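Open your viewer and keep the selection tool at hand. This tour goes from stop to stop and says what to pick at each.

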Amino acid sequence: MTIQNVLVTGGAGYIGSHLVDELVSRGYEVTVLDNLEPQVHRSGTWPSYANPRARYVRGDVRDRAVFEPLVLDAQAVVHFAAAVSIGQSMYQIDRYVDVNTRGTALLLDILVNRPHRVEKLIVASSIGVYGEGAYECATCGPVAPTIRPETQLAARDWEQRCPVCHGHVRSVPTPESKPLWRDNIYSMTKYHQEEMVLLIGRTYGIPAVAARFFNVYGPRQSLSNPYAGVAAIWLSRLLNGKPPVVFEDGGQLRDFVSIHDVVDCLVLMLEHSGADYLPVNIGSGGTVTILDIARLLKTLLDSPIEPLVTNTGRTFDIRHNTADISRARETLGYAPKVSLDRGFAELIEWAKTTPDVAVDFFDAALEELQQKGLLVKS
Ligand SMILES: NC(=O)c1ccc[n+]([C@@H]2O[C@H](COP(=O)([O-])OP(=O)(O)OC[C@H]3O[C@@H](n4cnc5c(N)ncnc54)[C@H](O)[C@@H]3O)[C@@H](O)[C@H]2O)c1
Ligand SMILES: [Zn+2]
């Protein structure tokens with residue numbers, strides 16, 4: 001039987017809503033379960049971009065009475081509902097574990113204990129499950145260093161060191177086989193979500209895929225959420241006449257992937273079996289420093305405001321992580337198409353015209369980190 005009905009949890013959010021649009025345009029019947037988390041949806045109502053051809057149910061993924069009938073009705077479940085900030089997860093531990101880990105546990109509990117017809121399960125995982133990316137030591141070969149000690153950050157010795165010989169190491173693209181390491185509570189919950197989904201998928205023969213998103217950017221990312229992705233936070237700062245705050249020296253390498261390429265890859269996961277039962281990186285395959293991203297935003301906005309490079313670190317940050325996308329290419333035929341220049345130009349055009357005002361709450365969020373002792377003292 002081919003899949004026709006898809007349940008997207010968190011489908012009012014940034015990534016989910018783009019997927020909903022694509023699925024609807026491909027003729028799927030789509031149901032969204034979303035509780036309109038106030039930190040993301042400040043108006044408390046369905047966003048203006050909600051797709052009129054999808055069905056929207058307001059409810060919490062921790063509420064069995066709401067979740068169960070929707071799961072039993074679906075032929076595929078795309079599970080995106082989550083609390084999503086790394087920094088915040090370090091002091092809202094109960095909430096992060098409850099929404100992310102227990103919400104997923106409930107989904108799986110329904111699937112194994114009730115007669116269902118789900119033929120595909122896709123869970124949103126994250127670059128965060130790796131901790132640091134993959135590295136190569138000139139002397140020792142491939143190595144997997146973990147979080148940098150606070151003394152190293154306080155000395156502003158930003159680059160990672162080899163766990164064996166302690167020399168500096170070079171960042172290389174991270175394959176799915178890299179040993180995993182979680183540096184924060186959010187990433188632990190993402191790890192638990194993907195492990196649970198893949199385990200139950202394998203055990204009960206429900207084709208399951210864990211989508212390891214790298215840095216996804218594009219229209220609809222909340223500009224007023226100081227806990228959202230870095231590109232949206234900086235864009236919001238610039239639109240409010242304030243400098244983007246760049247931690248360390250700005251040389252951190254990341255893979256920024258356009259939302260359109262992400263949606264392409266998710267549709268391939270839904271419609272094809274090549275990646276079933278596997279975790280799969282979704283990135284662009286490219287590499288860029290975060291300072292270059294801050295400068296690109298400044299240039300595209302034609303703003304006079306320079307990024308503020310702090311030369312200080314946060315205790316839980318990684319140095320580099322970029323995506324090796326060979327698995328998605330080989331198992332699904334994924335081929336990212338959107339260049340950084342084109343993708344960021346689109347983001348800016350949207351930000352200039354969006355009715356949702358970009359309110360900058362970043363300073364308050366930074367103050368919270370300071371109070372919790374999560375900024376490195378120097
Ligand atoms: N944006 C990225 O770069 C990125 C990177 C890695 C992983 N992810 C993962 O992708 C998924 C989607 O992220 P996003 O960027 O679209 O975030 P988002 O905050 O825009 O969307 C999440 C949605 O989930 C909803 N939600 C939150 N808690 C809920 C609950 N208890 N019950 C029901 N709905 C709830 C929110 O209202 C929101 O609409 C998340 O699981 C996130 O962890 C995103
Ligand atoms: Zn070495």
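In which loop does Asn311 lie? Select the stretch between strand S16 (308-309) and helix H10 (326-332): Asn311 sits in that loop. Helices (H or I, at least four residues) and strands (E, at least two) are DSSP runs, numbered from the N terminus.

A word on the model before going on. This is a predicted model, in which local features need pLDDT of at least 70, side-chain atom pairs count only at pLDDT 80 or more, and totals for chains, interfaces and linings use all residues. Residues are numbered from 1 along each chain as its sequence is written, chains are lettered from A and ligands numbered from 1 in the order in which they are written, and side-chain values use heavy atoms, with hydrogens and water left out.

**Two positive phi values**

Stay on Asn311. Its phi is positive, about 60 degrees, although Asn311 is not a glycine. Most residues other than glycine have a negative phi. Asn311 is partly exposed, with a relative accessible area of 34%. The classes are buried (under 20% relative accessible area), exposed (over 50%) and partly exposed (in between), with a 1.4 Å probe and protein chains only.

Next, select Arg220. This residue is in the loop between strand S10 (215-217) and helix H7 (230-239). Arg220 counts as buried, because its relative accessibility is 17%.

**Ligand 1**

Now pick ligand 1 and show its surroundings. The shell holds 28 residues, and the closest are Ile15, Asp34, His41, Tyr186 and Lys190. A residue belongs there if one of its heavy atoms lies within 4 Å of the ligand.

Turn to the backbone. Polar contacts are pairs of N or O atoms within 3.5 Å. A backbone N or O atom of Phe80 is 2.9 Å from a ligand 1 oxygen. A polar backbone atom of Gly13 lies 3.1 Å from an oxygen atom of ligand 1. For Val216, the distance from a polar backbone atom to a ligand 1 oxygen is 3.1 Å. Alone, ligand 1 exposes 830 Å², and the protein buries 93% of that. Accessible areas come from the Shrake-Rupley method with a 1.4 Å probe.

Colour helix H1 (14-25), S5 and H6: these elements give two or more residues to the shell. S5 gives the most, with three residues.

**Helix H4**

Last, select residues 93-113. Helix H4 has 21 residues. Look at Arg102: a kink of about 30 degrees is centred there. The bend is the angle between axes fitted to the seven residues ending at a residue and the seven starting there. Buried residues of H4 include Tyr96, Asn100 and Leu107.

Definitions and conventions: Expected span 1.5 Å × (residues − 1). Polar contact = N/O pair within 3.5 Å; in protein donor to acceptor, adjacent residues only side chain to side chain.
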